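Open the model in your viewer and keep the sequence panel beside it. We will go from stop to stop, selecting as we go.

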Amino acid sequence: MAAEAPILDEFRRLRARVPQLTGALAAGVDGLVLAHDTPGVEPDGLAALTAAALGVAVRMADETGRGDLRELLIRGADGYVATYAAGRTAVLTLLATDRVNVGRLHLEGRRAGARIGELVDAEAVPPRRSPAKSSAKEPAKPMPTRTKTARSARTTANARTTTES
């Protein structure tokens, strides 16, 4: 993945802004790791658990009429696990100590998730091929021209405008 290096750079900047972070992981919503900095935590397992938790959280948000999922926060005795939407196809999961300022975690996590989402979504869009390069061997064909034809006048005398119940 070409976006892995920029995502790791974003992780480094995030750790500088929130020193209580102990790990960061970007994953696809399918549970595949895109990039990670998770010392002491197995990234593939965390990505799979994130996908499972995300599935439950999305369903809960839908069933309760809360709209699209934005974030998920889990508080354990020794710290936090926070997951943020990152574009259309990825999520950002952050691990933090119990001393973290949760407001700051949310602020920085949302910002980082948006930036990572831009990176991942930009890579997911296939590059557009220019017409000049796509048909280098074939001569350019002229575009067909459209001609106007006369239309008969419309009549609405027999049209129904109300629905019967």
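Which residues does Ile7 touch, not counting residues up to four places away in sequence? Select Ile7 and look around it. Ile7 touches Ala26, Ala35, Ile116, Leu119 and Val120. Contact here means heavy atoms within 4.5 Å.

**Before the next stop**

This is a predicted model, where local features need pLDDT of at least 70, side-chain atom pairs count only at pLDDT 80 or more, and totals for chains, interfaces and linings use all residues. Residues are numbered from 1 along each chain as its sequence is written, and side-chain values use heavy atoms, with hydrogens and water left out.

**Stop 1: the whole chain**

Show the protein chain as a cartoon. You will find four helices and five strands. These are DSSP runs, numbered from the N terminus: helices are H or I with at least four residues, strands are E with at least two. Follow the sequence and the pattern reads α-β-β-α-β-β-β-α-α.

The chain has 165 residues, and 30% of them count as buried. Buried means under 20% relative accessible area, exposed means over 50%, and partly exposed is in between (1.4 Å probe, protein chains only). Now take contacts between residues at least 6 apart in sequence: 49% of them join residues at least 24 apart.

**Stop 2: two helices**

Select helix 1 (residues 4–17) and helix 3 (residues 102–124). Two packed helices are described by the angle between their axes and the distance between the axes. Here the axes come within 10 Å and cross at roughly 170°. Therefore helix 1 is roughly antiparallel to helix 3. The axes are lines fitted to C-alpha atoms, for helices over the stretch in contact, and angles run from 0 to 180 degrees between N-to-C directions. Angles over 145 degrees count as roughly antiparallel, under 35 as roughly parallel, 65 to 115 as roughly perpendicular, and the rest as oblique.

Show the side chains at this contact. From helix 1, pick Pro6, Ile7, Glu10, Phe11, Leu14 and Arg17. From helix 3, pick Arg104, Glu108, Gly109, Ala112, Arg115, Ile116, Leu119 and Val120. By class, the contact has eight nonpolar, one polar and five charged residues. Ala, Val, Leu, Ile, Met, Phe, Trp, Tyr, Cys and Pro count as nonpolar, Asp, Glu, Lys and Arg as charged, and the others, Gly among them, as polar.

**Stop 3: the cores**

A nonpolar core is a set of buried Ala, Val, Leu, Ile, Met, Phe, Trp, Tyr and Cys residues joined through side-chain atoms within 4.5 Å. The largest has 23 residues. Select Ile7, Phe11, Leu21, Leu94, Leu105 and Ile116, which have the most contacts inside it. Two or more residues come from each of helix 1, strand 1 (21–28), strand 2 (33–37), strand 4 (79–86), strand 5 (90–97) and helix 3. Apart from this core lies another, of seven residues, among them Leu25, Ala47, Val91 and Leu95.

**Stop 4**

Is Leu95 buried or exposed? Leu95 is in strand 5 and is buried, at a relative accessible area of 11%. Leu95 touches Gln20, Leu21, Thr22, Gly23, Val41, Leu46, Tyr80 and Val81, leaving out residues up to four places away in sequence. Pick out Tyr80: 15 residues separate it from Leu95 in sequence, but C-alpha to C-alpha they are 5.8 Å apart.

Move to Val41, in the loop between strand 2 and helix 2 (43–63). Val41 counts as partly exposed, at 32% relative accessibility. Beyond four places in sequence, Val41 is in contact with Leu46 and Leu95.

**Stop 5: a loop**

Go to the loop between strand 1 and strand 2, where you will find Leu32 and Asp30. Leu32 is exposed, at 55% relative accessibility. Asp30 is exposed, with a relative accessible area of 55%. Leu32 touches Ala27 and Ala47, not counting residues up to four places away in sequence.

**Last stop: confidence**

Colour the chain by pLDDT, the predictor's confidence in each residue, from 0 to 100. The average is 82, and 74% of the residues score at least 70. Select residues 133–149: pLDDT is below 50 there, and this stretch has one contact beyond near neighbours in sequence. Then select residues 154–165, where pLDDT stays under 50 and the model has zero contacts beyond four places in sequence.
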